[in-house]
Amino acid sequence: MIRGQKRLNGEIEVHGSKNSALPILAASALVNGVSEIHNCPRLSDVDAAIRILEHLGCKVARDGHTVTVDSTSMHAFDIPDDLMREMRSSVVFLGAILGRTGQARLSTPGGCEIGLRPIDLHISAMEQLGAVLTEGASRLTFTAPQGLTGARITLTFPSVGATENIIIAAATAKGRTVLTNAAREPEISDLADFLNGCGAHIHGAGDSTVTIDGTPHLTGTTHTVIPDRIAASTYLLAAAMTQGRICVREIVPAHLGALLPVLTESGCDITVSGRWICLSAPPRLRRVKMTRTMPYPGFPTDVQAPLSAMLTIADGTSVIVENIFESRYKHAAELLRFGAKISVEGRMEVIEGVPYLTGTQTVAPDLRGGFALILAGLAARGETTVRGVEHIDRGYEAPELILQSLGADVKRIMENGTAEQRNSESAAAPQGSAPTDESHAVAVTPVDESHADAVAAADESHADTSADTPAHDA
Ligand code: EPZ
């Protein structure tokens, strides 16, 4: 529940990247050893990945943001149907299971809220590495009795998941794999760093051509997951929409490269220094003429819905083209309920800025679209409730605590309306259990003005020292 129009001021750190932790957890099953993964975010999607690892026979322990995976006793080779349905990115376990056991069985992942999500590129890549596919009714079984053999693979689209599956499967294949038209997302580089720490020989991750020289056995390693660039982007947009001032620290500014010019065009002042990005929002945002989502380093599709929310109150008409997924505008219909003026034509979304939004009752359609509705509520006049917060818990750790620390009037309430005190430790789901849809309650903890002033002053001093680093250096 949100009471809008509070300026968001202060300094935050974001959790480790969901889209890096998931493939790294999958890859830990390929390794016959113990992997210690730090800065692993406490998210329901990570809980699901841990459940898959335990199903496969791995021993998993979690201590705060550290997950330790001992995969020496891994014995299974199937991804459970219910987990495949719950999290379609479970397909990223395919390469690890196939590489480790020489076989893999999974149900064909259904589509989800943002599109059909086919896995044809994953399937053809595994076949090129020597796996034989037998298709049953909605079930795929791969066998590679002689193990996998390196190959030259070209992706027709730089699919993130397919790139990850290929890198993982090729890491212990016989011989060399050369992958062209690979995805270049930072999460690919992080995955390669993890596997190279385990003894793999992967070169060129983060570029379009990746070379993997298979090594028969990998050992465990210790790895720290990169910060979540999508969460960082989302909170910067929250400050932009509320005339706020925010610094996001401990991030890699280069990972947000394509967002910064968009924020600058909308009238925000951006300063970048080292591992900080600070944003100071204008009293009234300006429209952003055209934004096209593209594979990295282009504008990320995962920030499209949060950007749509921001543009509903930007002066003028903005256009967004969604080039990655075929139906990722479910949030548009919900934003209309706030009084936004949006029309969607196929992959194009046209947003005419309105003077203000009005709080309303709304339901999260998916992960990023759900946060777009929270952003609208933060900017809107009056009260907003967003139901379906379990979607948001998949990809954002303790969002209400971060927003409260910035001065937002937001609380998480149980479906039955009761509220109870929670603290940051209990913010995320306990070991191995995804938050139920009866989200725990958080009483409103009004921000102590002196704290907010102190943080703002800190920003002031910090922003000044970094003032000489203009945004375009990001
Ligand atoms: C990853 O999904 C991310 N998920 C997504 O983030 C992100 O939106 C996406 O990459 C693009 O950046 C994780 O990393 C867990 P793709 P993925 O394969 O791997 C089509 C979030 O909100 N395609 O790059 O599934 C596909 O349908 C999530 O955190 C095929 O046609 O994305 C889509 O249109 C959402 N055949 C496009 O490619 C295939 O075999 C991009 O998909 C595979 C993909």
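Predicted model: local features only at pLDDT ≥ 70, side-chain atom pairs only at ≥ 80, totals over all residues.
Local features need pLDDT of at least 70 and side-chain atom pairs count only at pLDDT 80 or more, while totals for chains, interfaces and linings use all residues. Residues are numbered from 1 along each chain as its sequence is written, and side-chain values use heavy atoms, with hydrogens and water left out.

The ligand is surrounded by 23 residues, each with a heavy atom within 4 Å of it. The closest are Asp120, Leu121, Ser159, Asp302 and Ile324. By class, this shell holds ten nonpolar, six polar and seven charged residues, with Gly counted as polar. Both domain 1 (2-15 + 227-473) and domain 2 (18-224) supply at least three shell residues; the bounds come from an automatic or database domain assignment.

Turning to polar contacts (pairs of N or O atoms within 3.5 Å), a ligand oxygen lies 2.7 Å from a side-chain N or O atom of Ser159. For the side chain of Lys18, the corresponding distance is 2.9 Å. A polar backbone atom of Val160 is 2.8 Å from an oxygen atom of the ligand. Two or more shell residues come from each of helix H1 (18-27), helix H5 (120-128), helix H6 (160-171) and helix H12 (367-379), where helices are DSSP runs (H or I) of at least four residues and strands (E) of at least two.

The backbone also deserves a look. Most residues other than glycine have a negative phi, and most peptide bonds are trans. Gln5, not a glycine, has a positive phi of about 70° and sits in the loop between strand S1 (2-3) and strand S2 (9-13). The Tyr296 to Pro297 peptide bond is cis, with omega near 10°.

How values were computed: Polar contact = N/O pair within 3.5 Å; in protein donor to acceptor, adjacent residues only side chain to side chain.
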